[in-house]
Amino acid sequence: MPEITEYAPGTPSWADLLAHDGQAAKDFYTALFGWEYQDHPAGPDMTYTMYSHNGQAACASAEAGPGQENLPPHWSVYVTVDDLEAAVERAQAAGGTVLFGPMDVTPMENHTVGRMAVIQDREGAFLRLWYPVAHAGAGVMMEPGALCWFELATTDPESARDFYQTVLGAEIKLDENMEDFPYWIIWIGDQMVGGIVQIGEDWGPVPPNWGVYFGVNDADATAERAKELGGGVVHGPADIADFARFVVLRDAEGAVFTVIKLNEW
């Protein structure tokens with residue numbers, strides 16, 4: 001598949017993992033997905049690890065630094081914007097909170113790769129807004145071994161729908177094909193770029209959050225492999241209508257992610 005070199009504004013384009021043990025994260029995910037990785041200096045005693053799939057950038061991880069010790073290991077989602085300051089202003093006007101930035105992202109190689117801000121929506125989910133300079137995002141998506149989907153789990157889908165339509169310029173519509181539970185699709189133009197689901201009472205103490213899906217050739221086998229590597233199954237395996245099978249997993253440190261096998265692969 002050709003390398004992806006740009007994303008339309010409002011589109012999720014990257015994800016990275018905050019780990020407490022950087023090497024443990026590298027060992028787990030490279031063994032699970034067959035990725036290769038390269039470490040990049042990102043500041044004093046800080047390393048940003050870039051993972052590649054078939055030679056193309058797939059996602060990244062970083063070890064928790066000062067001030068992040070109490071944060072649980074988790075995946076973060078980045079959405080491309082064409083005007084970072086304007087997107088931040090829209091988030092504030094829509095009732096969100098700006099936690100960080102806007103700021104230049106300049107690793108120790110001393111070149112700016114992009115500009116970023118971290119926002120929190122009205123229900124508390126965190127999202128990173130990304131203005132690309134030298135790094136557009138993932139060079140590959142929508143295939144086994146790569147990011148495939150981005151999903152917001154929230155306590156109030158209607159509030160989230162209003163917030164993200166305003167901030168991202170998206171159109172968010174109820175998916176009429178989902179019969180078992182309500183599901184909203186995030187559209188940028190004619191492209192489906194993510195989804196929104198309501199947190200169920202049976203989920204336990206799950207805060208609103210953005211999550212990531214990775215494509216796999218066999219969801220069941222990947223779940224078994226994750227367990228062998230010290231991870232575990234949170235939910236599934238389960239089928240989505242007649243087009244996919246998925247499993248919600250946790251890695252060896254507890255960070256949650258989903259793997260999915262599309263029937264068309």
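Tyr213 pairs with Thr258 of β16 as its bridge partner. In this predicted model, Thr258 of β16 is also the bridge partner of Val248.

**Around β16**

- On one side there's β13 (residues 209–215), which runs parallel to β16 and is joined to it by three bridges.
- Tyr213 is the residue that meets Thr258 of β16.
- β15 (residues 244–250) runs antiparallel to β16, with seven bridges joining the two.
- Val248 is the one that has Thr258 of β16 as its partner.
- β15 and β16 also make a hairpin, with five residues between them.
- Look in that turn for Gly254, which has a positive phi of about 105°.

**Around β4**

- β4 is another strand that's largely enclosed by the rest of the structure, because six of its eight residues are buried.
- β1 pairs with β4 in the parallel sense, over four bridges.
- If you want a landmark in β4, Ala62 stands opposite Leu18.
- β3 and β4 run antiparallel and are joined by six bridges.
- Here Tyr51 has Cys59 of β4 as its bridge partner.
- β3 and β4 form a hairpin too, with two residues between the strands.

- As background, most residues other than glycine have a negative phi, and most peptide bonds are trans.
- You'll find Asn54 in the loop between β3 (46–53) and β4 (56–63).
- Is Asn54 buried or exposed? Its relative accessibility is 64%, so Asn54 counts as exposed, the cut-off being over 50%.
- Met142 is a non-glycine residue with a positive phi as well, near 60°.
- The loop holding Met142 runs between β8 (126–132) and β9 (147–154).
- Met142 counts as partly exposed, because its relative accessibility is 40% and that class runs between 20% and 50%.
- Where are the cis peptide bonds? One joins Gly101 and Pro102, with omega about 5°.
- Pro102 sits within strand β6 (residues 97–105).
- A cis bond also joins Gly236 and Pro237, again with omega about 5°.
- Pro237 belongs to strand β14 (residues 232–240).

**Surface patches**

- Which residues make up the nonpolar patch on the surface? They're Leu99, Phe100, Met103 and Phe126, and together they have about 360 Å² of accessible area.
- β6 supplies the largest share of that patch, three residues.
- Phe126 comes from strand β8.
- With a relative accessibility of 46%, Phe126 counts as partly exposed.
- There's a negative patch too, formed by Asp21, Asp27, Glu63 and Glu253.
- Asp21 is in the loop between β1 (12–19) and α1 (22–33).
- Asp21 is partly exposed, its relative accessible area being 35%.

Notes. Residues are numbered from 1 along each chain as its sequence is written. This is a predicted model: local features need pLDDT of at least 70, side-chain atom pairs count only at pLDDT 80 or more; totals for chains, interfaces and linings use all residues. Side-chain values use heavy atoms; hydrogens and water are left out. Patches are made of residues with over 30% relative accessible area and no salt bridge: like charges are joined within 9 Å, nonpolar side chains (Val, Leu, Ile, Met, Phe, Trp, Tyr) within 5 Å. Accessible areas come from the Shrake-Rupley method with a 1.4 Å probe; for residues, only the protein chains shown count as cover. A salt bridge is a side-chain nitrogen of Lys or Arg within 4 Å of a carboxyl oxygen of Asp or Glu. Lys and Arg count as positive and Asp and Glu as negative; His and the chain ends are not counted. The place of a charge is taken as NZ of Lys, CZ of Arg, CG of Asp or CD of Glu. Buried means under 20% relative accessible area, exposed over 50%, partly exposed in between (1.4 Å probe, protein chains only). Two strands pair if DSSP finds at least two bridges between them.
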